[in-house]
Amino acid sequence: MGDRVMGDDGTVSLTDNSLIVDISDALSEKDKVKFTVHTRTTLKNFNKPEFHVVRQHEEFIWLHDRYEENPVYAGYIIPPPPPRPNFDASREKLQRLGEGEGTMTKEEFNKMKQELEAYEFPEYLATFKKTVAMHEVFLTRLASHVMFREDEHLHVFLEFDQDLCARPRGRFQQFGGFVKSLGSTTDQYYLNVTVRDVHDFFEKQMNSLTEYHGKLKEGTVKTDKMTEKHKEVADSYIKISGGLVQLANIDPGPLDKYLMKVADGFEKARKLESRVASDEDLKLADTLRYYMRDSQAAMALLVRRLKCLATYEAANRALERARQKNKDIHAAEKAQTEACERFDSISTQAKEELLDFKTRRLHAFRKSLIELAELEIKHARTQQDLFKKSLQNLQELM
Amino acid sequence: MADSVEPPPLFENVDMKREEAEDDDLFESAVQSQPSANLCLEEDGHDLLNGDSDIGEEIDKLMLNDKSEMENVPINNQSTIATPTMEEVEAEGGDQFIEITITEPQKVGDGMGAYMAYRVLTHTNMPFFKKREFAVMRRFSDFLGLHDKLTEKYLKVGRIIPPAPEKNVIGKAKIKMAQSEQAGNGSDFIERRRAALERYLRRTSQHPVLIVDPDFREFLECDIELPKATNTSALSGAGVMRFINKVGETVNKITYKMEETDPWFENKLVHVEGLENQLRKLHYNVEAMVSYRKELANLTNGVSRSAAMLSVCEDHNLLSRALSQLADTEEKVEAVHMEQANTDFYILCEMLKDYLGLLGSVRDAFHERTKMFQLWQHSQQMLTKKREAKAKLELQGRTDKVDQAGVEVIEWEAKVERSQESFDRISKMIKLEMDRFEKCRIQDFKVTFIKYLENHMEHQAQLVKYWDDFLPEAKAIA
């Protein structure tokens, strides 16, 4: 089922079942980000074919929680929510510029402005773009999923032009709390299950997912550390470049042009090295991070299934007791049948979801690793050329 | 200051023509040794090296005179070091070359008495060496001893002597304590020292006057164990004395303000100070870059291992393989980062450090000139005093003492003349040395940066290759 159709003249038009969501704009204010969520749709249950609303991060979390707590979706992997936007570091620096205008000398101010424009601002921009992308991916996954796209909470999220429920701080604790309870509840349910899990498949899945999730987490942490250090290395070039310029200034003679050229080389290399760090972050770290969250969502699914199994077990026991006492048998039978059906459906669904998860992951990794390699090659080649050119210039000055 | 000036040892084993030692009295030799340039033009470069051997006698004569500190400085001493001027030596040495390498650091002995010995290998076509290729074993204190000898001989006339590598007591202790030769920390330190010693010898050998110095040549080519330069040990009595003298010197440098007649020196000093400041900052920042890059290498290793572990628990074959290849690639990238950090350090960082030391040597030469000036001023003051004393005696009619006073006046007149000449000479010498120093510095910087960029470029090429090799693996997934 496709949302879009390519016309003969190259225009994209919607099929009569489309729901296309994107984040068309984003605004960063003091301590929050406002996303403009833009929807185009041909579905009947919306008032207009095209509209937009402004949402903040907490409202995305609200939406995620609505899916998470809905038993209808128990058998599905709920797309992990986007991470909280965090530009504190970059924003601080830019703010300093605005505030410092009065206190710094004109020279200092200009220098800081230059540095910020050349280095800090692009970083800020990159972080900003990333957070927009993550929020967008969350929505597009929902909008393209056969079940999720029908959900009324999603529709409210997309269309309702007022603020959604108040942003209760408690939600965060809840989300965090949920994750924590994941551990304890799993044990709990394992203990309650008297019948061995009929599907070995799921037990294996749970184990391997747990291990996989752990490794992904570690990989994410390590990659983050590496890219951070890489940025530090790149930034150290700035000071060296500046130092060479100052040296050239106090050393007039045959050396000063030379030193200026070397300083220039360092500055250009800095930009490239910085981009390498960013791309490693984007292609490698983010992929690991995303699948760390996704695998967590998969584990959540398996826990829900176990809950269901426990309920089924309990219903079985209740039925037995009812039969013994010869009381309320019919009700107990009904409950047991329902529990059985629910369990079966969740198991079937879960199996599909897990296979889908595998495929998704495979493609995502493939894409990211290819892009990572291509970018690494590109940047290394550019740096190579840069140095070649610098050397040529310097040889001329010899 | 003017403490124990030991006469340089006489070399029986050095194959040179020898001049007869001149038994002149003070004044004659002073007159005789006017512009050493005149002497040089007549004679072959070799003979002048004997000038050193005359000093011994001169000093002995001088020591008999006045005991007061200033006057004890053997003013003559400098004038009889008839070393060849740089112009002559450089004119001769058009296509001469010398290449010194230091290899094979070896641990000699055991326990606390152990030390590292380095093999100093020289290739040269310079005629005053006995062979074209030769090697000797030297230990660190030998290098320090050599530096001390060269400083003693040449600093006074205003030459810029390349400083010897620093001692690093902690690093050395680590070596001694190291059980095996392969101790990680130890080998870094050894390599760093080896490279520093090599640069030291190379710089010294580039100086046209120092290269022909007998002590230097002996250091390079005499395959005997040099007498242990015990007074180079940091903790020895002589070491402590040296430290005290250094402090005294520093105080002198700060407290004595010379009235500068030649603006060239003032400007140069300002320039040197400026250079020192900037180089210090630059060195600090390059050091920071080196340490960040080393950390980056370690963290890259962490990523490599994570990728390897992911590969293990990944059940899809092709993805597992790709992740394993990623782990390999990151390991190779780690090695490149490490190599680059070494480049940053050995090519760039150490050069900047060397120049900070060299600029220190420049200041030392300038300071010697200041001391000469002080000496000259002092002599003038003494002369005035003696003249006044004589005049006073004449007025008093003390004819018996007037003669003696007259003799003293003449003595001090001569001293004033000689100290002024020395001052002029050192001023000229410093200008020459600075000229050569600047040429070398500029060349050094240029060559170093080119080398640095070439290395950097090579490393980027390696990265291209590694990621290029990885790309098909990534494409092969699914």
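The legends below describe close-up views of a predicted model. Residues are numbered from 1 along each chain as its sequence is written, and chains are lettered from A in the order in which they are written. Local features need pLDDT of at least 70, side-chain atom pairs count only at pLDDT 80 or more, and totals for chains, interfaces and linings use all residues; side-chain values use heavy atoms, without hydrogens or water.

**View 1. The interface of chain A and chain B.** In this interface, 57 residues of chain A are in contact with 56 residues of chain B (heavy atoms within 4.5 Å). About 5,400 Å² is buried between the two chains, 76% of it from carbon and sulfur atoms; buried area is the accessible area (1.4 Å probe) lost on putting two parts together, summed over both.

**View 2. A salt bridge between Asp468(B) and Arg381(A).** The closest N and O atoms of this pair are 3.8 Å apart. Five salt bridges are found across the interface of chain A and chain B (a side-chain nitrogen of Lys or Arg within 4 Å of a carboxyl oxygen of Asp or Glu). On the side of chain A that touches chain B, helix H6 (200–250), helix H7 (256–325) and helix H8 (329–397) each supply at least two residues; helices are DSSP runs (H or I, at least four residues), numbered from the N terminus.

View 3. The structure holds zero disulfides over all chains (pairs of cysteine sulfur atoms within 2.5 Å).
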